[in-house]
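Biologist: Could you walk me through this structure? I would like to take a few local regions in turn.

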Amino acid sequence: MRILLLGSGGREHAFAWKISQSPKTNKLFIAPGNAGTASLGTNVDIASNDFPSLKKFVLENKVNMVLVGPEEPLVLGIYDFFKADDDLCSIPVIGPSKIGAQLEGSKDFAKAFMLRHKIPTAKYFSVEKSNLSQGISFLHSLKAPYVLKADGLAAGKGVLIIDNLAEAEQELTSMLNGRFGQASEKVVIEEFLSGIECSVFVMTDGKSYKILPQAKDYKRIGEGETGPNTGGMGAISPVSFVDDAFMEKVETRIIKPTIEGLIKENIDYKGFIFLGLIKVDNEPMVIEYNCRMGDPETESVMLRIESDFVDLLEGISHNNLSEKELKIDSRFAVTVVLVAGGYPGEYEKGKLISGLEELADCQCFHAGTRAESGEILTNGGRVMAISAYGNNKQEALDKCFINANKVIFEGKYFRSDIGFDL
């Protein structure tokens with residue numbers, strides 16, 4: 001197969017690493033890719049949301065399948081773009097339809113969907129400028145802390161958790177007045193849930209599904225989960241508190257009703273569903289849906305999938321995922337993310353990266369990197385992810401930290417406490 005993978009982060013490098021192992025892969029293209037993906041396939045200088053250019057490339061290069069990594073092209077409707085085009089409609093896109101992607105693209109849509117299908121989640125109220133007074137009344141009905149979420153995509157920065165009621169009222173007004181641009185023209189106010197979080201990933205062909213290895217990611221920049229949120233500083237799979245009894249609840253109360261709800265509402269969904277869950281008094285509740293795999297969890301989860309990943313993707317595209325076998329490696333897989341100095345605030349790009357040839361007994365997945373004149377330079381806030389196997393969590397962590405210390409670039413930072421709470 002000739003496969004086009006869209007995206008340029010660590011998730012896409014991990015996908016490329018797994019796809020390149022498949023005997024079914026004849027040619028792999030990555031648009032736009034990074035310095036790491038270039039060693040596994042051919043990087044293509046096309047943005048993942050430039051649909052006309054992608055069409056031209058797909059037809060000229062006889063691409064057989066498109067795998068979408070990031071959320072933006074899905075929310076913009078790349079699946080529908082292919083399906084509606086006579087030249088492209090026979091080429092499968094792994095990712096949901098535009099309406100299916102609203103599970104991530106609109107917090108309000110996702111919460112209403114959960115309500116309709118009795119999927120456990122926090123109480124909420126959706127606010128626009130027109131019903132601000134009702135929104136403030138709802139805030140007053142809650143106990144601190146107060147959760148405010150921009151309805152639309154805000155690059156992972158659109159969620160505020162505030163301890164003070166007066167401050168929450170101010171921030172609500174600020175969001176509605178454009179703090180996060182169009183994304184916060186509508187704001188979802190949520191009841192705060194107290195518990196421990198994890199990520200569960202599902203592949204679906206729209207009818208049947210496979211549950212991938214669960215993971216736990218670490219979002220804040222500082223040790224002990226302190227400081228500002230980031231795109232993710234590390235991940236661990238499996239998760240010690242996610243046992244068979246908990247996963248049975250997740251499947252019966254959340255996964256099955258989600259898939260059945262999509263079918264009932266005639267929503268075309270062929271791809272990944274990310275369930276951001278919280279365990280509250282031993283019961284699973286949904287914090288959020290994403291319409292794609294998470295990052296950096298993918299850099300751990302891909303290590304644990306023993307099956308031919310392309311065969312599973314074919315199961316999605318051919319509507320026979322139920323016939324495919326998903327084999328999971330029983331070992332731990334841990335990921336530690338190396339970031340640029342200053343991230344998630346202002347940071348500089350173009351710093352020389354060295355020490356990569358010294359890495360051993362790990363996988364190094366590039367994220368914000370680019371190649372120039374034979375050298376690899378930083379090109380983003382999250383620069384790369386070091387992933388490793390272990391027979392236990394600590395063994396995998398030790399391998400990651402040893403290798404993280406071998407990589408050198410100016411301003412490098414990583415958290416040395418990934419998994420501290422497990």
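**Local features of the model**

Modeller: K62 is found in the loop between α2 (51–60) and β4 (65–68). Please keep in mind that this is a predicted model.

Biologist: What is the phi of K62, given that it is not a glycine?

Modeller: Phi of K62 is positive, about 50°. Most residues other than glycine have a negative phi.

Biologist: Is K62 buried or exposed?

Modeller: K62 is exposed, because its relative accessible area of 61% lies over the 50% cut-off.

Biologist: And N282, where is that, and what is its phi?

Modeller: N282 sits in the loop between β16 (271–280) and β17. Its phi is also positive, near 75°, and N282 is a residue other than glycine. With a relative accessibility of 44%, N282 counts as partly exposed.

Biologist: Staying with D295, what is it in contact with, beyond its neighbours in sequence?

Modeller: Leaving aside neighbours within four places in sequence, D295 is in contact with G9, G10, R11, G231 and R382. For R11 there is a polar contact: its backbone nitrogen lies 3.1 Å from a polar atom of the D295 side chain.

Biologist: Is D295 buried or exposed?

Modeller: D295 is buried, because its relative accessible area of 12% falls under the 20% cut-off.

Biologist: How many residues of α10 are buried?

Modeller: Eight of its eight residues are buried. They are E297, T298, E299, S300, V301, M302, L303 and R304.

Biologist: And α11, how many of its residues are buried?

Modeller: Nine of the nine residues of α11 are buried, so the helix is largely enclosed by the rest of the structure. Charged residues are on that list too, with D311 and E314 among the buried ones.

Biologist: What caps the N-terminal end of α11?

Modeller: D308 does, through a side-chain oxygen that lies 2.9 Å from the backbone nitrogen of V310. After the helix comes N319, whose phi is positive, near 60°.

Biologist: What about S307, where is it found?

Modeller: S307 is in the loop between α10 (297–304) and α11 (309–317). It is buried, at a relative accessible area of 10%. A polar atom of its side chain lies 2.5 Å from the backbone nitrogen of K327. Beyond four places in sequence, the contacts of S307 are K18, L312, E325, L326 and K327.

Biologist: On to the strands. What is the order of the open sheet of five strands?

Modeller: The order is β3-β2-β1-β4-β5, with parallel pairing. β3 (42–43) and β5 (93–94) stand at the edges with a single partner strand each, so one side of each is left without a neighbour in the sheet.

Biologist: How many bridges pair β1 with β2?

Modeller: Six bridges pair β1 (residues 2–7) with β2 (residues 27–32) in the parallel sense. L5 stands opposite I30 in β2.

Biologist: Which strands are joined to β22 in the antiparallel sense?

Modeller: β18 (residues 332–339) is joined to β22 by eight bridges and runs antiparallel to it, with V336 opposite I386. β19 (residues 363–366) is joined to β22 by four bridges, again antiparallel, and there H366 has M384 as its bridge partner. β22 itself (residues 382–390) is mostly covered, with seven of its nine residues buried.

Biologist: Last topic: how much space lies in the second largest pocket?

Modeller: The pocket holds about 220 Å³. Among its 13 lining residues, Y79, C89, I91, P92 and V93 are the closest to the centre. The lining divides into seven nonpolar, four polar and two charged residues.

Biologist: Which helix gives the most to that lining?

Modeller: That is α4 (residues 78–83), with three residues.

Biologist: And L76, where is it, and what does it touch?

Modeller: L76 lies in the loop between α3 (71–75) and α4. It counts as partly exposed, at 43% relative accessibility. Not counting residues up to four places away in sequence, L76 touches N49, F51 and K98.

Conventions. Residues are numbered from 1 along each chain as its sequence is written. This is a predicted model: local features need pLDDT of at least 70, side-chain atom pairs count only at pLDDT 80 or more; totals for chains, interfaces and linings use all residues. Side-chain values use heavy atoms; hydrogens and water are left out. On a 1 Å grid over the protein atoms alone, a cavity is a set of points where a 1.4 Å probe fits but cannot get out, and a pocket is an open set with protein on both sides within 12 Å along at least five of seven lines; lining residues have an atom within 4 Å of a point. Grid points are joined across faces, edges and corners, and a volume is the space filled by probe spheres set on the points. Helices (H or I, at least four residues) and strands (E, at least two) are DSSP runs, numbered from the N terminus. Buried means under 20% relative accessible area, exposed over 50%, partly exposed in between (1.4 Å probe, protein chains only). Two strands pair if DSSP finds at least two bridges between them. A polar contact is a pair of N or O atoms within 3.5 Å; within protein, one must be able to donate a hydrogen and the other to accept it, and residues adjacent in sequence count only if both atoms are side-chain atoms. Contact means heavy atoms within 4.5 Å.
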